[in-house]
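Hello,

Here is the structure I promised to pass on. Please have a look at it first, and then read my notes below.

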Amino acid sequence: MGSTDLRLFQDTPSLVTAATDHLSMILSDALDQRGRASAMLSGGSSPKPVYERLAQQPLAWNGVAIGLVDERWVPAGKPGSNADFIRGCFADSPAERAHFVPLFNGHASATDGLEAAEQALALMAQPFDLCVLGMGMDGHTASWFPRSGGLEAALDPNSEAVVTAIDATGCEVAGDHTDRMTLTYAAVAASKHVVLLLPSAAKLAVFNDAMTRDVLDAPVKALQSLGDRLTLFGLDT
Ligand SMILES: O=C(O)[C@H](O)[C@@H](O)[C@H](O)[C@H](O)COP(=O)(O)O
């Protein structure tokens with residue numbers, strides 16, 4: 001296993017174009033090989049221009065299943081919903097034909113909703129073809145917030161769970177949305193391709209610093225073990 005496939009760019013448009021081409025190629029290859037593809041997508045501001053461009057690609061979208069890397073435990077239509085965010089990025093585009101698998105399922109809490117979420121995800125092609133991640137300035141990725149409740153279970157490499165619940169109470173970056181459902185490290189690590197989008201030099205610096213820290217303080221460090229299955233698109237200016 002090699003080290004992270006690091007792709008650095010001098011400006012945002014070049015990063016967005018290259019990342020979109022990469023995601024599009026992964027989905028296209030999966031569709032060619034098996035007639036279907038699965039992609040797990042993160043929310044956040046970083047991936048938006050990439051998703052909007054990806055949504056315009058001429059793929060056989062009706063063979064693509066789109067799921068979420070994580071979700072704030074709120075129904076569609078409420079602030080913070082990643083399902084709404086992804087649907088918004090794909091609105092009025094060829095990607096609207098993709099099959100969307102939300103995480104929120106109406107249960108009272110993310111913990112209560114785990115079983116139903118596992119059942120919904122079991123219908124997607126696994127291991128996932130693609131997992132797209134962002135990173136917060138606190139070193140979280142997915143909803144793996146530093147020192148959050150449930151983090152150790154989420155990062156357990158031997159976990160058989162695809163999703164788990166996180167209590168991000170006290171994690172400043174999580175804001176009011178402290179009840180979260182997230183993919184486990186094991187599910188991310190099983191994905192055929194993992195892409196991390198770091199569209200600022202400051203984020204790249206946080207990522208590099210995270211590699212020297214305790215994974216519970218800087219959970220993005222967990223991705224280091226993916227070797228060259230992790231492709232990092234970063235800005236270095
Ligand atoms: O729903 C979310 O917020 C995420 O899945 C989260 O992990 C995100 O990727 C990072 O917080 C980076 O967010 P930004 O791209 O907005 O900085």
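A word on naming before anything else: helices (H or I, at least four residues) and strands (E, at least two) are DSSP runs, numbered from the N terminus. Residues are numbered from 1 along each chain as its sequence is written. Please keep in mind that this is a predicted model, in which local features need pLDDT of at least 70 and side-chain atom pairs count only at pLDDT 80 or more, while totals for chains, interfaces and linings use all residues.

Let me begin with G134, which sits in the loop between β6 (130-133) and α5 (151-154). I call a residue buried if 20 or more other C-beta atoms lie within 10 Å of its own, exposed if 12 or fewer, and partly exposed in between, with C-beta atoms placed from the backbone. G134 is buried because 23 other C-beta atoms lie within 10 Å. Two residues are in contact if their C-beta atoms, again placed from the backbone, lie within 7 Å. Apart from neighbours within four places in sequence, G134 is in contact with S42, G44, S46, P47, T141 and L197. L232 is 98 residues away from G134 along the chain, yet their C-alpha atoms are separated by 9.9 Å.

Now to the sheets. Two strands pair if DSSP finds at least two bridges between them. An open sheet is formed by 7 strands in the order β1-β10-β9-β6-β2-β3-β5, with parallel pairing. At its edges stand β1 (5-9) and β5 (99-101), each with a single partner strand, so one side of each has no neighbour in the sheet. On average, neighbouring strands of this sheet are turned by 20° against each other, direction ignored. Helix α1 (residues 12-34) packs on the sheet and touches β1, β2, β3 (64-68), β6, β9 (193-198) and β10 (230-235), its direction making about 160° with that of β10. Axes are lines fitted to C-alpha atoms, for helices over the stretch in contact, and angles run from 0 to 180 degrees between N-to-C directions.

Within this sheet, β2 (residues 37-41) is joined to β6 by 3 bridges, and L41 has V132 as its bridge partner in β6. Between β2 and β3 there are 5 bridges, with M40 partnered by G67 in β3. All 5 of the 5 residues of β3 are buried, so this strand is largely enclosed by the rest of the structure.

Strand β8 (residues 179-183) is also worth a look: 5 of its 5 residues are buried, so β8 is largely enclosed by the rest of the structure. D179, M181 and L183 point one way from β8, and R180 and T182 the other way. β8 runs antiparallel to β4 (residues 70-72), joined by 3 bridges, and E71 stands opposite M181. Strand β7 (residues 163-167) pairs with β8 in the antiparallel sense over 5 bridges, where I166 stands opposite R180.

Best wishes
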